[in-house]
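Please examine the sequence and the structure shown below. The paragraphs that follow lead from the overall fold to the interface and then to individual residues.

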Amino acid sequence: MHGRPRKAPTEEEQEASVVKGAKLRSIQAKFFQFHHTNTYTKEALEVNAKLLEMNPEFITGWNYRKLAVQYHLEAAQSDEDSIKSILDEELKVVESALMTNFKSYGAWHHRKWVLNMGHSSTDRELFLLKKFQKLDARNFHAWNYRRFVTALKNIPDEEELQYTTDMIYENFSNYSAWHNRSVLLSRLLKEEVEGYYPKEKVLTEEFEFVRNALFTDPDDQSGWFYHLWLLDQTVKLEHLLVSSWPPNGSNVNVSDYCALSPSLSSISRTLPLILCFSEAVGGINSSTVSVVCESNMDSNLIWTPISVDKSGLARTWLTYLTFSSEPMHPSRNYLVKVSIANSEGIISSAGFCCSNPSHMAFTVCLPSSNTEFDEGPDIERIDWSEENFSSNQLHSENLGLINSFNELTISGDNKKTYETNAKIIADEIDYCRELLSEMDCKIGKLTLARLLLAYDALSSASRGVQDQNMFQYKEILELYHDLMKLDPPHFQYYKDQYSLVFLKQELANEESLLKYCYQYRDSTSLSNNSLCLCLRGLSLSQIGCIERLLWVQMLDLSNNGIRSIEGLESLQLLCCLNLSNNKICSFSALEPLRLLKSLKVLDISHNEIGAHPIDTRRYLCASPLSHTSDWKREEFVVSGPEMTIYWDAFSIFSGLNLRQLSVTGNPIADKKFKLFLCKLLPAMKWLDDEKLR
Amino acid sequence: MGELAVEKHVKFILTIEKEKDSFESVVMEHIRLNGAYWALTTLDILGKLNTVDQDEVISWMMQCQHESGGFGGNIGHDPHLLYTLSAIQVLALFDKIDALDIDKVSNYIAGLQNNDGSFSGDMWGEIDTRFSCVAILSLALLKRLDKINVEKAVNYIVSCKNLDGGFGCTPGAESHAGQIFCCVAALAVTGSLHHVDKDLLGWWLCERQVKSGGLNGRPEKLPDVCYSWWVLSSLIMIDRVHWIDKEKLIKFILDCQDKENGGISDRPEDAVDVFHTYFGVAGLSLLEYPGLKAIDPAYALPVDVVNRIFFGR
């Protein structure tokens, strides 16, 4: 099926093929007679062996041999010699079949099956493997079988590691050997086997080892993938609390944020508390996180992971603080202290415990009396036109609230590890620059960009301060820019990475962030805080850095090239979102919005929803296709046949309480669809430019 | 850029059905049921499923069913999960899944799950994540996923995840695009894609695109049209397909056509076969080539067929 040249067969060739085909057919027919009558005579086995030699992929043939073996072993009882002879014959048949096709699953499995019986010698196996690996060093069947044999023979990992070293020296371009090396080394490091400790020493040696391959043949990918794994091992950061809302050291007016609580109580005393970690964690609850306030506050908190999947892990966790209804002193601020001290219960997806305690505190200002929460006058339509936004002086209170970054406190031991690892990375940066000075190598440039980012992550973590400029920011952006030109097929990959780095730098500190903060014209629309983060028209193809955006209530991402809003679910305070003029291709891409319970205004106009027959987010959102829908099928089916076409719109919008929605400029947004939306969102006041009801 | 020679490919598929006596054909008899799935799905994507005799196909297919409930690759062949999935997929195309004794087939499949969550292909115990995928897709289409321990099945697949973000056939095995498709599809269908590091795997997968625009299955190997399915559908399921150059891939696939005699080959100027014809056409569908029915990247069946099953009429 593979690698045969295309030429019309000559008449002779055609005839010969038919003759050969007839021969195979006749052997198959004979074989089936024996198989279906459970006949395991010498003659029958010979016919089968002939069949498997001609066609090693004939699965039923291998099954038959197992039945025959079982039959004959039973007859042999415990006569060790007979048993050996029966099984040796099987090994011979397998070897002969493998000579025809050394990629036959059936043949390899039969050999394993025989060896698993425990009567055969394993001496020949490694010799055989060497033979096959010489024929094809990338044959994964052989590598898998090798792992099987070494486990059977209890060959230690160190010996096998040496084997990969030999194979790599024979040919650097042996991804299979590098892969096996990474598997073995991971085990040796994890088990802290003698000679493979400390980890930093091993990593340094491995970096040196792979450098040989990289400098010899920089265009071969194999070494670079291994290098990426080594880099990943070197940058392992403890998962930490990286940001929160309210931010550490801020002062918050509780009444400004009551509208954001799901159960709108008439007594305006609830406040969301959001914690954001460096990676997805589980086990955040009232015993691992303590929240204490001087005033009476219900301390039995329920924490929810903010995640679109059902894993129970999330980078962002949310709870609501409810303050008691006793009359409070009008001008007093109350201190709220949050501690993650007893954190063994908090685990990351890789299974690591959080051993770093984190503390933060903020003050809240409670309303002086039991004021009824007032939804405000009839709220008018948000108009996203540029003239409605001004970058006037922002109120000083706002500044404290937009800096949601926590100052990381890293323990002494970990600090030393970070510094050691940062040094390793710094050396790798030098070597990489040296290689690139000699030749223009795409994957070398990509690796340098990754190394610089890794160094930034490690060095800022060890210094304990997040709010600062990125290390070598301009150089990183330039590298990605070069790569977009050097490697056009992967342009979008580099563009996405570029966007992430750009965004990270632009949001790095308060001064830079303020450039993008604007005041919406009029404060009657949303409580007192009509501050908008305006990231429109920045050619962003990817969004990130959500840990710096927890405070955002109004966000303009319009006129970019955004196709995915992964991560946006963390912005739990978000009320107004503009995604118009982007590259959103389906409603399923809006899945993160389902978790934004405060969202009231959404603009998705002028995107590509309905333009694509293939939905690339189909399996990344809740639906019956992935057995994760939380909507009732009956509710869905009864509502009418349009549901099948609009199932993803149904899924996204039915849980939201939108006041204003814009969908125009998407191929799906015809009259029929808009009618469907009106039925689905009865509380909606504006659809596109039209005021409803 | 060339064009897709739809009529030629349809003719090619309908002719190979008849031409059964060449050695190349006889040596594939044991996987004829897979061949039926490849041929028929291709025809459906090209809008020509009605050119076959549905009853004839189904009648032959049902004869491939073994008393255990599983299907063999052809009449008289031993049952195996691989052919059982193809049978279910073909019946789905014809909207005739109810021709099956669903409990019998699903019991056969569920009975092949092992204690560690893995699946054996048949009673002889070969374990491979391909079989996990096949079992999960089969039971999902039959609406009987509850017959297996899904959590354990997912955990086994995750144990086959490698340090480069890809997946192999068993724990510790090298990442390979075919296995990656199997694992990603199984995780997709069970709502478990959060176990996939999409950025890491997405980059590994997008690096399969070589200079000619074609895709290979693992680093430093030759491109092959069948990877236009395995790699492409995986990229689509994790929403990273924009990281490859789609236009270049379309051109590569079209260059692999035999525009005179119909059919698509693994590489330009190689011999064609129904396997690569299916993967080429399915790949073009995923790339939104005009005039083709959309195909679902996980179930590998047309989207309208999948929607019919999961969203009802």
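Predicted model: local features only at pLDDT ≥ 70, side-chain atom pairs only at ≥ 80, totals over all residues.

Helices (H or I, at least four residues) and strands (E, at least two) are here DSSP runs, numbered from the N terminus. Residues are numbered from 1 along each chain as its sequence is written, chains are lettered from A and ligands numbered from 1 in the order in which they are written, and side-chain values use heavy atoms, with hydrogens and water left out.

A residue is termed buried under 20% relative accessible area, exposed over 50% and partly exposed in between (1.4 Å probe, protein chains only). Of the 693 residues in chain A, 55% are buried. Contact means heavy atoms within 4.5 Å. Among the contacts in chain A with a separation of 6 or more, 68% come from residues 24 or more positions apart.

In soluble globular proteins, nonpolar side chains tend to be buried together. A nonpolar core is a set of buried Ala, Val, Leu, Ile, Met, Phe, Trp, Tyr and Cys residues joined through side-chain atoms within 4.5 Å. The largest such core holds 279 residues, and A:Phe653 and A:Leu661 touch the most other members. Helix α9 (residues 177–189) of chain B contributes the most to this core, namely 11 residues. Beyond its neighbours within four places in sequence, A:Phe653 has contacts that include A:Phe587, A:Leu602 and A:Leu661. A second, separate core of 32 residues includes A:Ala44 and A:Phe148.

The two chains meet in an interface formed by 91 residues from chain B and 85 residues from chain A. Buried area is the accessible area (1.4 Å probe) that two parts lose on being put together, summed over both. For chain B and chain A this comes to about 7,600 Å², 56% of it on carbon and sulfur atoms. B:Trp124, B:Trp203 and B:Phe311 supply 12% of the area that chain B buries against chain A, more than any other three residues. One of these, B:Trp203, is among the buried residues of α10(B), a helix in which 7 of 9 residues are buried.

Charged pairs also span the interface. A salt bridge is a side-chain nitrogen of Lys or Arg within 4 Å of a carboxyl oxygen of Asp or Glu. Between chain B and chain A there are 8 salt bridges. In one, the side chains of A:Arg138 and B:Glu174 meet at 3.0 Å, N to O. Another joins A:Arg617 and B:Asp239 at 2.6 Å, N to O. This pair crosses from the loop between β15 (601–603) and α19 (633–638) of chain A to the loop between α11 and α12 of chain B. A:Arg617 is buried, with a relative accessible area of 6%, and B:Asp239 is buried, with 1%. Both belong to a network of salt bridges that also links A:Arg563, A:Glu566, B:Asp199 and B:Arg240.

Within chain A, a salt bridge joins A:Glu90 and A:Arg65, whose closest N and O atoms are 2.8 Å apart. A:Glu90 lies in helix α4 (residues 80–100) and A:Arg65 in helix α3 (residues 59–76), so the pair ties together parts that are 25 residues apart in sequence.
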